[in-house]
Amino acid sequence: MTINIPEFEHSPYSLIVIASVLTGFAAAVFLMRKFKVAKQTILYTSLLTLICTLVISLMSSVELTGNGLELGFSGLGAVVGMALGIFLSGLIFKDKPEYVLASFAAAAPLMYGLSKTGCLLAGCCHGKPYSGPFAIVNHGIHSGSFFPAQLVDMTVFIMLHIIALILILKMENKLKAVYILIAIALPVRFATEYLRYTNTGILDKGQIKVLVAGAISVGIVVLWKRLLKVNNR
Amino acid sequence: MDNNNNIFNDWQNYQPQQAPDPQQQYQPQYQQPQYQQPVYQQPPYQQQPQYQQPVYQQPVYQQPAYQQPQKPVRPIDLLPPEERAARKKKANTLCIISLILHFSPFVIIGALSGVLESLETGFTGTSTAPAIVQILGYIGGGAYIASWVFMIIARAKYSESVFAKVLMWVYLGILSISIIGTIVLIYMCAILLNGCH
């Protein structure tokens, strides 16, 4: 059984990515409302985090190749952008910062999981050549039969979002819940990188990027905790 | 003995009262009901209505009962004018810095295109140009984020500032137009490319 992806006249990639980001933000806003964060904080944090997510996601994908200037949305760049946005707005508002961080940390896997639908339909970020059950058959630029890496990413990260919701809603110590979530998400993202066609070995460029993005995000959270003097409540 | 004689005499004189005749006592007295002949009156609706000339009174316009809602007194309004002026100055400084930072990426994009142009003429084959493009991209992106940060600080700390409020809506407008413009451009390019086939 194979999954046949038709070639689109107009690629829905950009629209799906933007819709996924907005859905994730809606989930974060819902959680912040549940945690009774002030409306002003919610509004400006969401705005600043959205700007940071989009800009850093774009910025980290700017590349000058032989074909000219290439632009796109980088998922890892989006994670770093989101962490930066939360960090900056935490410094400005100082209003329940651990709840704001927890809300966005729970929403991030949802954004990533949903945005993989765009990759699946566009044929990018595809898996290694494969022709077994559930193989993805692409046409056009990325034509071929591939391992369903995007479907694996999508399923795993939506499940991670559900785990994140349970952790963040049930645990009293929100910061601990965020650390647990990072500890799960980072190895998972590192492992799924093996399924991609770009992977060349045990520790290639893609995996180094994951480790760097993870280290920057953890660094931002630790710095944020020290500057805002957030105690483990 | 005298007493006994008296009792005897009383007993002799005693005459029981006659029991009342039940037929005589419980005889109901039926009275003939008096039916009165109904007097039919003319129903009111058949009566000729009496129209009265309505009396129009000149309406008297009064001051409306509700009062113009008064603006709630904000803590900022209670500050002395000097302090308010100082706050306004600080907010304006933040807004001007934000404005400069917001439009600096456009200058950077110009520099980026210059780098691209030089790539075609002289930089081909070197790794300097891609690195410069990435650095300029990071600087442009950083300046754009910083402009939003300064505007949000102005909005949060000096909520009374009209400049900051206008700036926020201008930035949101530019962002929306940019996103819509990019999507339209992508679709237009796709249509044009399809036309080339």
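Modeller: Gladly! Let's begin with B:Arg74, which sits in the loop between helix 2 (22–25) and helix 3 (81–123) of chain B. Keep in mind as we go that this is a predicted model.

Biologist: Which pattern of elements does chain B follow?

Modeller: Reading along the sequence gives α-α-α-α-α. That is five helices and zero strands. Among the 197 residues of chain B, 14% are buried. If you take the contacts in chain B with a separation of 6 or more, 70% are between residues 24 or more positions apart.

Biologist: And how do the elements of chain A run from the N terminus on?

Modeller: The order is β-α-α-β-β-α-α-β-β-α-α-α. Chain A therefore reads as seven helices and five strands. Its radius of gyration is 18 Å, close to the 17 Å that the globule rule gives for 233 residues, so chain A is as compact as a globular protein of that length. Along its principal axes, the C-alpha trace of chain A spans about 50 × 35 × 30 Å.

Biologist: What share of chain A counts as buried?

Modeller: For chain A the figure is 46% of its 233 residues. Of the contacts in chain A with a separation of 6 or more, 69% come from residues 24 or more positions apart.

Biologist: Which residues of helix 1 of chain A are buried?

Modeller: They are A:Tyr13, A:Val17, A:Ser20, A:Val21, A:Gly24, A:Phe25, A:Ala28, A:Leu31 and A:Met32. These residues cover an arc of only 130° around the axis, which puts them on the same side of helix 1 of chain A. They pack against helix 2 (39–59) and helix 4 (97–122) of chain A. The face turned away from that buried side carries the exposed residues A:Phe30, A:Arg33 and A:Lys34.

Biologist: What happens just after helix 1 of chain A?

Modeller: There A:Lys36 takes a positive phi of about 60°. You can look for positive phi elsewhere too. A:Lys96, in the loop between helix 3 (75–93) and helix 4 of chain A, has a phi near 45°, a positive value in a residue other than glycine. A:Phe134, in the loop between helix 4 and strand 4 of chain A, has a phi near 65°.

Biologist: How many other C-beta atoms lie within 10 Å of A:Lys96 and of A:Phe134?

Modeller: A:Lys96 has 19, so it is partly exposed. A:Phe134 has 12, so it is exposed.

Biologist: Where is A:Tyr130 found, and what is it in contact with?

Modeller: A:Tyr130 is in the loop between helix 4 and strand 4 (135–138) of chain A. It is partly exposed, because 19 other C-beta atoms lie within 10 Å. Leaving aside neighbours within four places in sequence, A:Tyr130 is in contact with A:Ala135, A:Ser145, A:Phe146 and A:Phe147. Take A:Phe146: A:Tyr130 is 16 residues from it in sequence and 4.6 Å from it in space, C-alpha to C-alpha.

Biologist: How should I think about a nonpolar core?

Modeller: In soluble globular proteins, nonpolar side chains tend to be buried together. Here the largest nonpolar core has 80 residues, and those with the most contacts inside it are A:Leu48, A:Ile51, A:Phe104, A:Ala105, B:Met151 and B:Ala154. Helix 4 of chain A gives the largest share of this core, 15 residues.

Biologist: Which residues does B:Ala154 touch?

Modeller: Not counting residues up to four places away in sequence, B:Ala154 touches B:Ala91, B:Leu94, B:Cys95, B:Ser98, B:Ser161 and B:Ala164.

Conventions:
Residues are numbered from 1 along each chain as its sequence is written. Chains are lettered from A and ligands numbered from 1 in the order in which they are written. A residue is buried if 20 or more other C-beta atoms lie within 10 Å of its own, exposed if 12 or fewer, and partly exposed in between; C-beta atoms are placed from the backbone. Helices (H or I, at least four residues) and strands (E, at least two) are DSSP runs, numbered from the N terminus. The arc is that of the directions from the helix axis to the C-beta atoms. Two residues are in contact if their C-beta atoms, placed from the backbone, lie within 7 Å. A nonpolar core is a set of buried Ala, Val, Leu, Ile, Met, Phe, Trp, Tyr and Cys residues joined through C-beta atoms within 7 Å. The radius of gyration is taken over C-alpha atoms; the globule rule is 2.2 Å times the number of residues to the power 0.38.
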